[in-house]
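Open the model in your viewer and keep the selection panel at hand.

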There are 2 protein chains.
Amino acid sequence: MAGVSKGTVDRVLHKRGKVSKESFEKVDKVLKEIDYKPNPIARNLKINKTYNIHVLLPDPRQDPYWVPAHEGINEASNQFTPFGVQVRKFFYDPNNKSSFLNQSEQAILLQPDVLLMAPIFENESHTVLRKCCENKISVVLFNNHINTFKEQIFIGQDLKQSGRVAASLMDKIIGENKEIAIIHINKEPHMQLKENGFKEFFMEKTNGIHSIISKDFNSVEKNSFNQDVGLFLESNPNISAFFVTNSKAYMLVEAFEKITYRERIVIGYDLLKPNIKYLQDGAINFLIHQKPKRQAYLSVSYLAEHFLFGKDLPAQEFLPIDIITSENAKYYT
Amino acid sequence: MAGVSKGTVDRVLHKRGKVSKESFEKVDKVLKEIDYKPNPIARNLKINKTYNIHVLLPDPRQDPYWVPAHEGINEASNQFTPFGVQVRKFFYDPNNKSSFLNQSEQAILLQPDVLLMAPIFENESHTVLRKCCENKISVVLFNNHINTFKEQIFIGQDLKQSGRVAASLMDKIIGENKEIAIIHINKEPHMQLKENGFKEFFMEKTNGIHSIISKDFNSVEKNSFNQDVGLFLESNPNISAFFVTNSKAYMLVEAFEKITYRERIVIGYDLLKPNIKYLQDGAINFLIHQKPKRQAYLSVSYLAEHFLFGKDLPAQEFLPIDIITSENAKYYT
DNA sequence: TGTGTTAATGTGTTCGAACACATTAAATAA
DNA sequence: TTATTTAATGTGTTCGAACACATTAACACA
């Protein structure tokens, strides 16, 4: 159309230079006229590179919270392997920082194009970030945010805001001047953010003021956990509502069952089987869905579509904070 | 690898026949051994067909509910035009059945590969379905379901269940033995499903029984609508909670503002600007998000990925029924 | 006048699949 | 025996972009 060969057009498109002013202008004019958009399929076929995504996440066998994340990775992986995207998973023990570091080394050693990780250990994650930077491997974070020196891609929820959502729900169903407990079971750093958001919401409210206390439980063993809960309730008999900051609300409710019955409001996180059971029973009032599966799936697909078709990556993607009751639970699982 | 030419491999892959038993087995063996998966990119490049998707939906200028659907279509369209997927929109007047039929004819006339439509008129939609069938154009429905003779692809929400979700929320925040009104504003057939679900939930409950009445308002003009609401409240002074079955909850709340203040529970649908404003104010307690944008976006992308990469289409995709409060609204818009 | 240099431009091949067409070899008919 | 049919198999081209390599033309310098 411009009266030049495809070679010259190619040089204009890729700014490879060695094009006379006249040719450049002729080609440029036509490109604009026809609003040329390269065919991403043909481009990809020619480039024909395989991309490697290494995913570093907790072992789902250690904590069932991670099962859906694992599934999300697999789903995206299956979808994109035909296009030449290789996904490899590296599991670490969420109770063991050194296993996190070990696995991260494995993942980095093989020089992937990108490392996708759930950075549940703050300090160790920074170490990994640094190593990736040295090795020129880009990093994407999901599940929870950590403070990073440079802008890091993050895909997940605003955890502080999810604390506010929990508070707003509690506010709607609780009466006035009640005692509320924030319960951390096996506390991880990001759970503090949820507490902060929860408290912030009630600080802003001027009417119906409540008293809010927070309590950590760290016993791994079930019986001792139940015992701890019993002691806590004995010394705080007037608490009428509980906000559990991770997926372990079912443990609290189980502990309640060992104790004499009383109506209690419980809000927790995540659609684990036992949580859903208690939601249906009415023992849990609301769950907040952190969408681990979608987070994982989206992270991988964004990367794949970026590599394959040049789609640009969002700097930060905050997923919606879904509110779950007994009636809408089934559509999220 | 099998010691035959690519032509023979091609015949085996596509079952074009004219292959000796021996060659077939040799090729088949290798295909299984290497777990051959065709490269969808190369396939698509060769086929190099443009696909036409015609979308039949209400004019967003007539009802703001449809603005996000429109955006969702555009977003998917932009994403897939470089791949040779052409999306064309046909707007009809949601208050005018004949404009629906007119536009449907336009859409069918140009022989698209598929017609995607929001079938808000039940009978007329059946006419369109029949015509498409005659013209061998496949159809995908979104937004609301209609009863169809054969299995029809549908992408949207379970509307009856969304009524149940509304009921479960109301149940959590309302006291006992209250009067509840179900409000239909400019009733469309599918709104009855929401009423049914809402009532069903409370029928199943044995404690805290309420009285539920339903009421239609059809006035298009604001003043007369406000007047009608006033009259209704006068003759039903004890109603303490309202369930509005479409996106027009803000109209009801506006009408309330003309009347002396009283605390009222309101649950409605959809994240229109005025609805969100009232949600932040506390005048609306919960909104249910029908995700028109996501419905539209997903419909188009499913079709595009089906055409381009042979991904299979779901027979029915029920989207999650999202519950919105003042605290999580911003992540859905 | 001939040779080397360089900027500008053109040509050919490749990616993996799809499909039209060509070729081969065996079987059948004239 | 030779021609014809047909089943089986092989070869070549195309899609659009990327890139290596080849060619041309203009100019400088001996």
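How many residues does helix H8 of chain A have, and how far does it reach from its first C-alpha to its last? Select residues 191-204 of chain A in this predicted model. H8(A) has 14 residues and spans 21 Å between its end C-alpha atoms, close to the 20 Å expected at 1.5 Å a residue.

**Stop 1: the two sides of H8(A)**

Colour Met191(A), Lys194(A), Glu195(A), Gly197(A), Phe198(A), Phe201(A) and Phe202(A), which are the buried residues of the helix. Turn the view to look down the axis of H8(A): these buried residues fall within an arc of 165°, so they line one face of the helix. Next pick Met203(A) and Glu204(A), the exposed residues carried by the face turned away from the buried side.

What do the buried residues of H8(A) pack against? Show helix H7 (159-173) along with strands S6 (179-185), S7 (211-217), S8 (239-244) and S9 (265-269), all of chain A, and the packing partners are on screen.

**Stop 2: the interface of chain A and chain B**

Now display both chains. The contact involves 36 residues of chain A and 37 residues of chain B. Together the two chains bury about 3300 Å², with 63% of that area on carbon and sulfur atoms. Select Ile41(A), Glu327(A) and Tyr331(A): this trio supplies 23% of the area that chain A buries against chain B, more than any other three residues.

For polar links, the interface has 16 residue pairs in polar contact. Which elements of chain A each supply at least two residues of the side that touches chain B? They are helix H3 (40-47), H7, helix H12 (292-309) and strand S12 (322-324). The largest share of that side, 7 residues, comes from H7(A).

There are 2 salt bridges across the interface. For one of them, zoom in on Glu327(A) and Arg164(B), whose closest N and O atoms are 2.7 Å apart.

**Stop 3: salt bridges within a chain**

Side chains of opposite charge can pair when their charged atoms come close. Over all chains, the whole structure has 38 salt bridges.

Begin with Asp63(A) and Lys248(A), which meet at 3.6 Å, N to O. The two are 185 residues apart: Asp63(A) is in the loop between strand S1 (51-58) and helix H4 (67-80), and Lys248(A) is in the loop between S8 and helix H10 (249-257) of chain A.

Move to Asp171(A) and Lys205(A), a salt bridge with its closest N and O atoms 3.2 Å apart. Asp171(A) belongs to helix H7 and Lys205(A) to the loop between H8 and S7, so the pair ties together parts of chain A that are 34 residues apart in sequence. Asp171(A) is partly exposed, with a relative accessible area of 21%, and Lys205(A) is partly exposed at 22%.

Switch to chain B and select Glu200(B) and Lys160(B), a salt bridge at 2.8 Å, N to O. Glu200(B) is in helix H8 of chain B and Lys160(B) in helix H7 of chain B, 40 residues apart. Glu200(B) is partly exposed at 25% relative accessibility, as is Lys160(B) at 34%.

Technical notes. Residues are numbered from 1 along each chain as its sequence is written. Chains are lettered from A and ligands numbered from 1 in the order in which they are written. This is a predicted model: local features need pLDDT of at least 70, side-chain atom pairs count only at pLDDT 80 or more; totals for chains, interfaces and linings use all residues. Side-chain values use heavy atoms; hydrogens and water are left out. Helices (H or I, at least four residues) and strands (E, at least two) are DSSP runs, numbered from the N terminus. The expected span of a helix is 1.5 Å times one less than its number of residues. Buried means under 20% relative accessible area, exposed over 50%, partly exposed in between (1.4 Å probe, protein chains only). The arc is that of the directions from the helix axis to the C-beta atoms. Contact means heavy atoms within 4.5 Å. Buried area is the accessible area (1.4 Å probe) that two parts lose on being put together, summed over both. A salt bridge is a side-chain nitrogen of Lys or Arg within 4 Å of a carboxyl oxygen of Asp or Glu. A polar contact is a pair of N or O atoms within 3.5 Å; within protein, one must be able to donate a hydrogen and the other to accept it, and residues adjacent in sequence count only if both atoms are side-chain atoms.
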